[in-house]
Amino acid sequence: MPVDYRGAGPELALAVDRSADASLGHQVQEALRRAIRSGTLRPGERLPSTRQLAAQLGISRGLVVSAYEQLLAEGYVVSVVGSGTRVAPAFAGADRSAASPAGEAGPGCLVPTPKIDFGYGVPDLRAFAPRDWLWALSDAVRTLPTADLGDGAVAGDAGLRGVLAGYHRRVRAGCADPADTIVVGGFRQGLNVVLGALVAHGIERIGLEDPGPRDHDRIAGRAGLRVSAVAVDADGLRVDQLRAGGARAVLITPAHQCPTGAVLSPARRHELVQWAQDVDGVILEDDYDAEFRYDRQPVGSLQGLAPDRVVALGSVSKTLAPALRIGWIFTPRRFRAAILTEKDLSCRGVPQIDQVALARLIESGRFDRHLRRVRDRYRRRRDALVSAVAERLPGLSITGLDAGHHALLRLPAGVDEQRVVARAGAAGIAVRGLGDYRVTPDDETPGAPRPAALVIGFGNVTTAQIRDGIGILAGLIDLQVRGEAPGGRPTR
Ligand SMILES: Cc1ncc(COP(=O)(O)O)c(C=O)c1O
């Protein structure tokens, strides 16, 4: 879609050389041709008005008018009444390599889009309410004092910190103080700055859930921490293993373990807090998926149980959309300064207007309304997944269904997880195997046993797609169980 400047002419960096032999008019023509050929000006984009360009270059308007007429005659530009002069839509000479940056998927690229996306962790992107966000943004822009357009406080907008701390107390039964709340650009950025702060506090080793969120072992390694893998069972993290590994920090997804979906049991929660007290340790709580709990009351944040042992991190990536890139940290006071230093040195801040908009969205009740709407939707999708598995894959266990929008489907003995994933991909279904979530420790920690399983994300698929997708997966699994594969070699 070409940029439309709504009547105001766009700026264009052109210059003329008064000492050159070539006439000024000729120079303008040549500069515009070059800009179009090189892709600086793309098909459909508007040129400045003749008056504006003449004033910018300090030449007579007549020279610019003749240059535009010449380009019109040559087919470089078109002139549309009321819409100014634009680069011709199908300009044949445009440098195509400039039109689509390397690696960027654009129309006509050959990366197949999955027809059914069981990808982990993607919320329902169609549920995002642009009208609500637009309302919040425009309210933020309208009310933001001019002074707030400078660099804000490193901790983030004070108003948003207050709103987030209130939200955490109200919805997550936490006990956050705005003074210990830090706004970040999503969970991952929060994790990076917190890990840096832990290293500054002399912590050397961290325990990570195994299986656990992808990349966290690499992120911890980059921060300078050594990694122990800690197994997860139906009650969540094995605290006995964590204790044996000798770490003084742990990163955990207690509300809905990533990727098994286990919810940390009450006994384990207490065991974990006891561990932190015993080793003078710190628990990093990744509080993602907590808002989506279906059959029972939400389990409160661990941070509420032990505020001086827990750094809680959250973001709107699962509740609104990852594209917003806003998250937060609730930290015990003793880590605050180190976290702020890490944030200040690495990225300074999160867009101020977006912070104010998020505060407005939450304060106005629109955020809660959105959550109620999507929670119902996810519950229906989860139920559709359970029915489809019961019907098409009877006897297979599907777990992790209490919360969130992903579940774990165990594969029958002898079925090769990676082969199912690859065949599913060829059939237009995006899905990951549990093997993708293994942690690479840098010690001898044993980690989890490795069952073959698929991590099924159901946040961004319709119930019809769930039924169809499970039907196709059932066919692929069945082929392997019977020892045959379409177009492939027998499995036994
Ligand atoms: C386990 C886990 N926690 C948190 C997040 C959210 O991360 P971010 O806020 O950086 O998008 C994700 C994203 O997929 C995740 O997988």
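Colleague: Fine. What kind of model is it, and how many helices and strands does the protein chain have?

Modeller: This is a predicted model, and the secondary structure of its protein chain comes to 16 helices and 16 strands. Along the principal axes, the C-alpha trace spans about 85 × 60 × 45 Å.

Colleague: What share of the residues count as buried?

Modeller: Of the 492 residues in the protein chain, 50% count as buried. As for contacts between residues at least 6 apart in sequence, 74% of them join residues that are at least 24 apart.

Colleague: Let's turn to helices. At what angle do H14 and H16 pack?

Modeller: Helix H14, residues 366-392, and helix H16, residues 463-481, pack at an angle of about 30°, and their axes are 9 Å apart. Angles under 35 degrees count as roughly parallel, and the two helices are therefore described as roughly parallel to each other. Their crossing is right-handed.

Colleague: Which residues of H14 and H16 meet there?

Modeller: From H14 the residues are Arg-380, Arg-381, Ala-384, Leu-385, Ala-388, Val-389 and Arg-392, and they meet Thr-463, Ile-466, Arg-467, Ile-470, Gly-471 and Ala-474 of H16. Sorted by class, this contact has seven nonpolar, two polar and four charged residues.

Colleague: And H13, what do its buried residues pack against?

Modeller: They pack against helix H5 (130-143), helix H6 (158-172), strand E4 (181-184) and H14. The buried residues of H13 themselves are Gln-352, Gln-355, Val-356, Ala-357, Leu-358, Ala-359, Leu-361 and Ile-362.

Colleague: How far apart are the end C-alpha atoms of H13?

Modeller: They are 17 Å apart, which agrees with the 16 Å that the twelve residues of H13 (352-363) should span at 1.5 Å a residue. Just after H13, Gly-365 takes a positive phi of about 90°.

Colleague: Which residues other than glycine have a positive phi?

Modeller: Arg-325 is one of them, with phi near 50°, and Arg-348 is another, with phi of about 65°. Most residues other than glycine have a negative phi. Arg-325 lies in the loop between E10 and E11, while Arg-348 is placed in the loop between helix H12 (333-346) and H13.

Colleague: Where are the cis peptide bonds?

Modeller: A cis bond joins Asp-210 and Pro-211, with omega about 0°, and Pro-211 lies in the loop between strand E5 (205-210) and helix H8 (216-222). The bond from Cys-258 to Pro-259 is cis too, with omega near 10°, and Pro-259 is found in the loop between strand E8 (249-252) and helix H10 (266-279).

Colleague: One more loop, then. What is Asp-124 in contact with?

Modeller: Leaving aside neighbours within four places in sequence, Asp-124 is in contact with Arg-377, Tyr-378, Arg-381, Gly-459 and Asn-460. Asp-124 is found in the loop between strand E3 (116-117) and H5.

Colleague: Why does Asp-124 count as buried?

Modeller: Its relative accessibility is 2%, and buried means under 20%, so Asp-124 falls in that class.

Technical notes:
Residues are numbered from 1 along each chain as its sequence is written. This is a predicted model: local features need pLDDT of at least 70, side-chain atom pairs count only at pLDDT 80 or more; totals for chains, interfaces and linings use all residues. Side-chain values use heavy atoms; hydrogens and water are left out. Axes are lines fitted to C-alpha atoms, for helices over the stretch in contact, and angles run from 0 to 180 degrees between N-to-C directions. Helices (H or I, at least four residues) and strands (E, at least two) are DSSP runs, numbered from the N terminus. Angles under 35 degrees count as roughly parallel, over 145 as roughly antiparallel, 65 to 115 as roughly perpendicular and the rest as oblique. A crossing is left-handed if the near helix is turned anticlockwise from the far one by less than a right angle, and right-handed if clockwise. Contact means heavy atoms within 4.5 Å. Ala, Val, Leu, Ile, Met, Phe, Trp, Tyr, Cys and Pro count as nonpolar, Asp, Glu, Lys and Arg as charged, and the others, Gly among them, as polar. The expected span of a helix is 1.5 Å times one less than its number of residues. Buried means under 20% relative accessible area, exposed over 50%, partly exposed in between (1.4 Å probe, protein chains only).
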